[in-house]
Amino acid sequence: MFALAETLEEERLTHAVNTAIEHKARLGQYFTPYPIARFMASLFPVTDQKIRLLDPGAGIGALSCTFLERIRQENWKAPDISVSAYDIDELVLQTLEKNVAYACAYFDKANYEIISENFLTKTAFEYTWNINKTYTHVIMNPPYKKIATHSTERHATRIFGLETVNLYTAFIGAAITITENLGYIVAIIPRSFCNGVYYKPFREFILKHCAIKHIHLFKSRSKAFKDEAVLQENIIIMLQKNVQQEKVSVSYCTDESFADFKVFDADFSQILNPFDKEKYLHIPEEKKIHTETFSSYSTLKDLHINVSTGPVVDFRKRDILLQDYQDGAYPLIYPLHLRHFRLEWPKQSKKPNAILYSEDVAKLLFPKGFYVAVKRFSTKEEPKRIIASLITPQDFITDGIAFENHLNIFHINKASLPEDISYGLICWLNSTYIDRNFRLFSGHTQVNATDLRNIPYPNLQKLKELGKRLQQSNQWNQPLFDSRVESIALCN
Ligand SMILES: C[S@@+](CC[C@H](N)C(=O)[O-])C[C@H]1O[C@@H](n2cnc3c(N)ncnc32)[C@H](O)[C@@H]1O
């Protein structure tokens, strides 16, 4: 019988009582209670790939052993498992080895190493010489302790490209560096890094290399580590290396009983305001989601702008579709005709370029003017969900144009938008801000006209202002859209 919980809890409490406070303070040492370790281990997604687990500052091995316990209990098909557990405290090494060996013994192919060296300096040395191991999973409760500017730890951390002031952020920086792409890091750490100028390089480091997948907050300051009188507010964070940031699971509970546990998905813009240069990380409360960010914005209805799906369903009009434009026909616009936020027509491809005139077709045409077209389908690989392109009167070679059904068209009562509004929409819809907000309520890659009606828009005056500013630039790109949107959002 695998009596891990009892063993670990007994050893943790014995250590808490029998170890001198100075010793624990010097090493930033307090061990994770089993229920918290269990919750942390539960965050990793199930995998049938190899597992290379790192536990830096492992103490008695509560975290790695609890994760191994979960793998065994859930019968994961991981072909082989290896564990690297670091600790510099000689007093814990024997217990650590006993526990990790015990947890590994249940697997056919599991090996471990107990490393009694300084995690930071050893990793920095190996990384410098390119001989470091890499990991698919990291689970950690790193030591918390300030590090002086000229300390060896501070020098070591600089090797990873991180300037930081505490051991816990240094440990995470080192762990991120030696985590494989798509690998996961689950850590319980103080909340202090979420704001403050000293932790800004650390926040930037995390955001550069990882996506935040989960944040858990203990509502009580004192209860997560109550046996150790730790008065920091602690969070558990799960990061994934080198993946795009999507929604974040946010959970709360008061203490290690997890009795009042609550979880919900938050849009990343609720955690990091895209305009915040200081990169403060917020942990949103459930009720505040949606309303706060959007309250000062308009709806499309307020702006008297319409958005509709392109009315030409091509398989119903097969007999009048033309590969090449000819007199008596009208241009037919497909998503492939939209590139770099503009119209590129005609195009040689399998898709037609034109549609022959008929009375039926006449009803589907949009008169010469300014329109904004948004693709209805993006692929998962495309970095943005909403891609908006401008159509101007100069694009018209006839008095009308037809849009195919895979597009959404912004117009006013089937006629042109005002010029500055059309440019304003291009800037707004293509902004990272809107992309993030769109992901808040849409988990799929499809962009429907209804979705476009539901996203927030600036008021008419700001939209015009955005448009005027965009018209002054020829080179359209993401930073330009974002900086324009940022400038209007900041001036009220
Ligand atoms: C906060 S305790 C957590 C222990 C364990 N991971 C747990 O969750 O119960 C941090 C551990 O890191 C160890 N430690 C401190 N500095 C270290 C260093 N530079 N390298 C390796 N281990 C270190 C301490 O001895 C301590 O056991």
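A cavity is a set of grid points where a 1.4 Å probe fits but cannot get out, and a residue counts as lining when it has an atom within 4 Å of such a point. Keep in mind as you read that this is a predicted model.

Rolling a probe the size of a water molecule over the atoms shows where empty space is left. In this structure there is 1 cavity of 30 Å³ or more, and the largest cavity holds about 30 Å³ of space. Which residues line the largest cavity? They are Tyr 86, Thr 123, Glu 126, Asn 132, Lys 133, Tyr 135 and Ile 178. By class, this lining has 3 nonpolar, 2 polar and 2 charged residues.

The table sets out two pairs.

| Helix pair | Residues | Angle | Axis distance |
|---|---|---|---|
| α8 and α9 | 167-177 and 200-209 | about 20 degrees | 11 Å |
| α4 and α5 | 62-73 and 90-104 | roughly 10 degrees | within 9 Å |

Angles under 35 degrees count as roughly parallel. With an angle of about 20 degrees, α8 and α9 are therefore roughly parallel to each other. Their crossing is left-handed. On the α8 side, the contact is made by Thr 169, Ile 172, Gly 173, Ile 176 and Thr 177, which meet Phe 202, Phe 205, Ile 206 and His 209 in α9. This contact comprises 5 nonpolar and 4 polar residues, with no charged ones.

The pair α4 and α5 crosses at roughly 10 degrees, so these helices are also roughly parallel to each other. Here Ser 64, Cys 65 and Leu 68 of α4 touch Asn 99, Val 100, Ala 103 and Cys 104 of α5. The residues in this contact divide into 5 nonpolar and 2 polar, and none is charged.

**Backbone details in two loops**

Most residues other than glycine have a negative phi, and most peptide bonds are trans. Where does Asn 242 lie? You will find Asn 242 in the loop between β7 (234-241) and β8 (248-253). Although Asn 242 is not a glycine, its phi is positive, at about 55 degrees.

The other loop to visit runs between β14 (342-343) and β15 (354-356), and Pro 346 is found there. Trp 345 and Pro 346 are joined by a cis peptide bond, with omega about -5 degrees.

Technical notes:
Residues are numbered from 1 along each chain as its sequence is written. This is a predicted model: local features need pLDDT of at least 70, side-chain atom pairs count only at pLDDT 80 or more; totals for chains, interfaces and linings use all residues. Side-chain values use heavy atoms; hydrogens and water are left out. On a 1 Å grid over the protein atoms alone, a cavity is a set of points where a 1.4 Å probe fits but cannot get out, and a pocket is an open set with protein on both sides within 12 Å along at least five of seven lines; lining residues have an atom within 4 Å of a point. Grid points are joined across faces, edges and corners, and a volume is the space filled by probe spheres set on the points. Ala, Val, Leu, Ile, Met, Phe, Trp, Tyr, Cys and Pro count as nonpolar, Asp, Glu, Lys and Arg as charged, and the others, Gly among them, as polar. Axes are lines fitted to C-alpha atoms, for helices over the stretch in contact, and angles run from 0 to 180 degrees between N-to-C directions. Helices (H or I, at least four residues) and strands (E, at least two) are DSSP runs, numbered from the N terminus. Angles under 35 degrees count as roughly parallel, over 145 as roughly antiparallel, 65 to 115 as roughly perpendicular and the rest as oblique. A crossing is left-handed if the near helix is turned anticlockwise from the far one by less than a right angle, and right-handed if clockwise. Contact means heavy atoms within 4.5 Å.
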